[in-house]
Amino acid sequence: MIGASEDAPAPGGAAARKTINLALQGGGSHGAYTWGALDALIDDERIEIGAISGASAGAMNAVVYADGFRENGREGARRKLRDFWLSVSEEGVLSPVQRQVFDLWFKGWSNAFPQVADWWSALSQFASPYDFNPLNTSPLRDHLVKIVDFDGLRAGGKIPLFIAATNVHTGRGEIFKSDVLTADHLMASACLPRLFQAVEIEGVPYWDGGFAGNPPLWPLYYATSCNDTVIVQINPIERAATPHTAQAIADRVNEITFNAGLLAELRATDFVARLIDSGALHENGYRRQRLHRIGGDGELEGFAASTKTDVNWAFLNALRALGRDAAKRWLAANFDAIGVRGTLDVDRALAKPRSKS
């Protein structure tokens, strides 16, 4: 139920259900961490999901969850998420030809053919996907169409969705809502420009939504009545090591780029909260947002960015377990704070100096 607050049975003797919005980051196969976090939230019947925003892999998790929930509630969401991640894994149901193509463009030539790793790295840096992928092949799109009933989701989805993509012409982020979503919108949200041709929707080309908002927060602020947003963050903001190799440098640049939108929105949210606290703004015109976060605190820092292309089923399940455990810990520590105060330390997330008062 959207915006639910009525009493309902809950674990541990608690009665009140609480509603949260979710903002899901993208990050390739590391999105399996988010799969685990969602699985833990499914288990806790005290939690209702009000709306979900997402980019790239986060967008896929959001749409698959919402479609499963539409079909069969929590268990439908759980089943469909597993089906989706199994479909992209090495043990999925792709045909041999599909598997070969999928490995090339999701997992990377360097994993499929180690002897041409250097050649592939150079190609992806200096060649265009319009040259090396002229047919614009995308087995992932085919599997999304099989797993997600987009017609049913547009007509009868119970959870509002906000999917980010980046308009290539304007450079601005655009948000696609539940009532217009197709597989093309998801592929646009996950379109890395060095690997895939821009996805055209009504004549407009789009690239990965992570360039503009990873994940986007503002649609949750303006288009929903829920003031509690839980960010599931899978891209480390900080890394202790200085990258030295060309690939490590490129990976770190990508992480910084794909976190920039989130940091900007956190700064804006924090700024508005401080203006409200000072009396310069009144809450009848501006809403105080209570921010929370699962992940993003060094837990995935130990995984190299290159592992975002690893689709080994054991690896995906290991990430799922990490995300599930992180969400369970967050719920145990912070459930009572939902609806009362935010639990994300924004100063720390923004590396801002703390007041000594």
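In the predicted model, Arg252 lies in helix α11, which spans residues 246-278. The relative accessible area of Arg252 is 15%, so this residue is classed as buried, the cut-off being under 20%. Leaving aside residues up to four places away in sequence, Arg252 is in contact with Pro236, Ile237, Glu238, Arg239 and Pro243.

A helix pair was examined next. Helix α2 comprises residues 57-88 and helix α12 comprises residues 313-334. Their axes approach to within 9 Å, with a crossing angle of roughly 145 degrees. The handedness of the α2 and α12 crossing is right-handed. On the α2 side, the contact involves Arg78, Arg82, Trp85, Leu86 and Val88. These residues meet Trp313, Leu316 and Arg324 of α12. By residue class, the contact of α2 with α12 consists of five nonpolar and three charged residues, with no polar ones.

The average for the protein chain is 81, and 78% of the residues score at least 70. Two stretches with pLDDT below 50 are described here, namely residues 105-124 and residues 353-357. For residues 105-124, the model contains 31 contacts beyond near neighbours in sequence. For residues 353-357, two contacts of this kind are present in the model.

Key:
Residues numbered from 1 in each chain as written. Predicted model: local features only at pLDDT ≥ 70, side-chain atom pairs only at ≥ 80, totals over all residues. Heavy atoms only, no water. Axes fitted to C-alpha atoms, helices over the stretch in contact; angles between N-to-C directions. Helix = DSSP H or I, 4+ residues; strand = E, 2+ residues; numbered from the N terminus. Left-handed = near helix turned anticlockwise from the far one by under 90°. Contact = heavy atoms within 4.5 Å. Nonpolar A, V, L, I, M, F, W, Y, C, P; charged D, E, K, R; others polar. Buried < 20%, exposed > 50% of the residue type's maximum accessible area, 1.4 Å probe, protein only. pLDDT = per-residue confidence, 0-100.
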